[in-house]
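Open the model in your viewer and get ready to click along.

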Amino acid sequence: MLSQFLFEHIWWIPFFGLLGALFSLPWSMGLIRRSGPRPVAYFNILMTFLSCLHGTIVFQQVLGQPPQQLVYEWLQVADLNLTFAIEISPVSIGALELVTFLSLLTQVFAIGYMDKDWSVARFFGLMGFFEGALAGIAISDSLILSYALLEMLTFSSYLLVGFWYAQPLVVTAARDAFLTKRVGDIILLMGLVALTSYGAGLTFSDLRAWSESTSLPPLTDALLGLALIAGPTGNCAQFPLNLWLDEAMEGPNPAGIMRNTAVVSIGAYFLIKLQPIFSLSLIASDTLLIIGGVTAVGASLISIAQVDIKRALSHSTSAYLGLVFIAVGLGHVNIALSLLLAHAIAKALLFFSISSVILGTNSQDMTEMGGLWSRLPATTTAFIVGAGSLVVILPMGFFRMMQQWLTGGWNMPVWLFVLLLFVNTTSAISLTRIFRLIFLGQRQEKTRRVPEVPWLMAVPMVTMTIAVLAFPLMPLKWSLWLNPIPSAAVFSESSIPYGLPILVASGVIGVVLGSVFELRRSLSRPTQFFLRFFQDLLAYDFYIERVYEFTVVAVVRLSSEFTTYLDKYVVDGIINFVGKATLLSGQGLKYGVSGQSQSYLLTIIVGISAILWLLLRDDWSTIVGYWSALISQ
């Protein structure tokens with residue numbers, strides 16, 4: 001049967017994207033010019049559509065079924081047996097569907113957005129490579145394969161951020177994003193190597209059974225958990241590796257849609273699959289809570305003070321991913337998955353909306369916008385729906401997630417509820433402020449004649465709007481081998497009395513505060529020192545970059561200067577001294593050469609005598625005494 005064939009060949013899906021990337025090479029390299037770059041776009045969209053269709057058929061087969069594995073032997077040498085395992089479950093195929101669906105809409109959107117760009121073929125080729133890595137991570141059950149695909153994802157993300165490589169700021173952003181994620185990935189690799197050396201196996205499916213049977217020392221458990229946290233921390237833009245995401249917004253906006261939805265979600269998905277390891281150590285679990293809490297609070301505040309529309313939403317992404325870290329740290333894996341899905345589709349819709357605004361105004365500065373609601377009705381509707389889904393105020397995406405968290409039998413500490421109130425309030429303030437600056441008020445110079453987006457951009461945006469509105473109707477009962485749903489996971493009493501109404505009230509308060517705050521367009525900075533200080537503190541990301549400059553960067557720079565000094569003046573100095581001494585001694589000896597053999601013999605005797613004297617100088621008195629006694633006899 002066709003369905004069984006597609007089920008057994010689910011591993012084809014990542015190769016659809018890679019095939020699209022290979023197809024783009026003749027156009028990207030300039031070998032084909034007469035047809036223009038459009039064939040590359042159409043072929044990549046066709047490959048992504050086939051991926052999405054293939055995944056949909058398989059998803060219908062596995063829905064409600066227990067997880068299965070497809071194992072492919074790769075290398076077997078002595079005791080080493082390397083295999084590539086594919087997980088087929090509602091969760092993995094659902095993640096695959098999310099990736100391919102978002103990629104399909106993004107690529108259709110990109111045809112209209114990138115229409116006038118001279119290197120469209122290269123962009124779609126990179127998007128195919130990007131999609132292949134994302135799809136592979138979604139269904140991979142192998143630690144080694146997942147890490148390799150994560151490196152492919154980082155490399156393709158680096159190329160997409162640096163797409164407009166002729167601009168110095170773009171090059172700097174791509175470099176910083178790449179190096180920041182390298183820090184976390186290298187530590188993650190150490191953790192994966194250590195994990196396999198302790199007998200955990202090479203698949204995620206083995207981690208639950210291994211964590212229940214292992215008995216490692218507490219320090220080992222803690223270090224192992226901390227190492228495995230480092231990779232997702234970088235990929236999800238969490239503190240202290242959170243600065244790369246807003247800098248990565250220098251790349252094309254369609255790539256930014258995938259980066260703020262699928263890329264960060266895949267990083268958190270990787271974290272969720274490693275959750276059994278974190279449950280072994282209280283230190284690792286608490287570290288997740290601290291990282292998630294600090295990022296959620298800090299990024300929410302930073303988002304309020306941004307004037308660049310993409311940077312404001314990227315910091316919002318870090319804040320919501322912080323809640324996912326907290327859910328994993330508490331062991332609420334099902335909630336973490338639900339938060340990931342709700343955030344991905346809502347944030348994708350917001351980025352579709354703002355990308356349309358940026359294309360029409362040729363600006364990312366919100367202070368230069370205003371009055372667009374009447375000019376861009378579809379774009380305005382998309383922003384309102386996406387923002388409403390992110391804030392717990394209407395019965396939409398995050399409303400349902402919070403309802404599940406509060407009344408689903410999960411143990412929610414009071415501090416976490418207070419944190420949720422804070423994030424919900426600040427997010428409502430930030431999104432309301434963005435909406436007022438862009439869509440309300442008087443029209444500015446750049447917004448007077450902005451047309452609605454063309455149909456190639458409107459169709460994906462409207463489709464995503466419908467998907468976000470329909471999300472609350474989706475059944476979200478995850479069947480996980482990672483962490484089973486608690487026995488009380490039917491909607492029961494809330495662990496926080498009146499928790500959901502209080503959350504809704506916090507969202508309403510945030511909208512009201514965002515509506516009454518003064519908007520400064522002509523003078524973006526307040527004149528009062530107190531207000532200016534806090535605005536600068538938030539606008540410059542709490543000066544984290546300056547802190548890094550005077551700590552980590554300074555240490556690296558000083559150590560580099562020290563090693564350069566040693567290499568130049570000590571190592572090279574000794575070698576140069578020996579060479580120069582040999583050269584000068586040879587130059588001096590050549591003037592004492594007479595050509596007579598007795599001179600050479602005398603030189604040899606003198607040299608041998610000097611060497612013997614140096615070797616035997618400590619025993620010279622003994623030798624003299626021996627010969628004296630021998631002569632006297």
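A nonpolar core is a set of buried Ala, Val, Leu, Ile, Met, Phe, Trp, Tyr and Cys residues joined through side-chain atoms within 4.5 Å. Keep in mind that this is a predicted model.

**Stop 1: the main core.** Select Met-402 and Trp-405: these residues have the most contacts inside the largest nonpolar core, which has 158 residues. Now colour helix α16, residues 333-361; this helix gives the core its largest share, 19 residues. Which residues touch Met-402, leaving aside its neighbours within four places in sequence? Show Leu-339, Val-392, Leu-420, Leu-500 and Leu-503 to see these partners.

**Stop 2: the whole protein.** Zoom out and switch to a cartoon view: there are 26 helices and two strands to trace. Of the 633 residues, 51% count as buried. Among contacts with a separation of 6 or more, 82% join residues 24 or more positions apart.

**Stop 3: one threonine.** Go to helix α5, residues 90-113, and pick Thr-100. Is Thr-100 buried or exposed? Thr-100 counts as buried because its relative accessibility is 0%, and the cut-off for buried is under 20%. Finally, display Ile-13, Thr-48, Ser-51, Cys-52 and Glu-131, which Thr-100 contacts beyond its neighbours within four places in sequence.

Key
Residues numbered from 1 in each chain as written. Predicted model: local features only at pLDDT ≥ 70, side-chain atom pairs only at ≥ 80, totals over all residues. Heavy atoms only, no water. Helix = DSSP H or I, 4+ residues; strand = E, 2+ residues; numbered from the N terminus. Buried < 20%, exposed > 50% of the residue type's maximum accessible area, 1.4 Å probe, protein only. Contact = heavy atoms within 4.5 Å.
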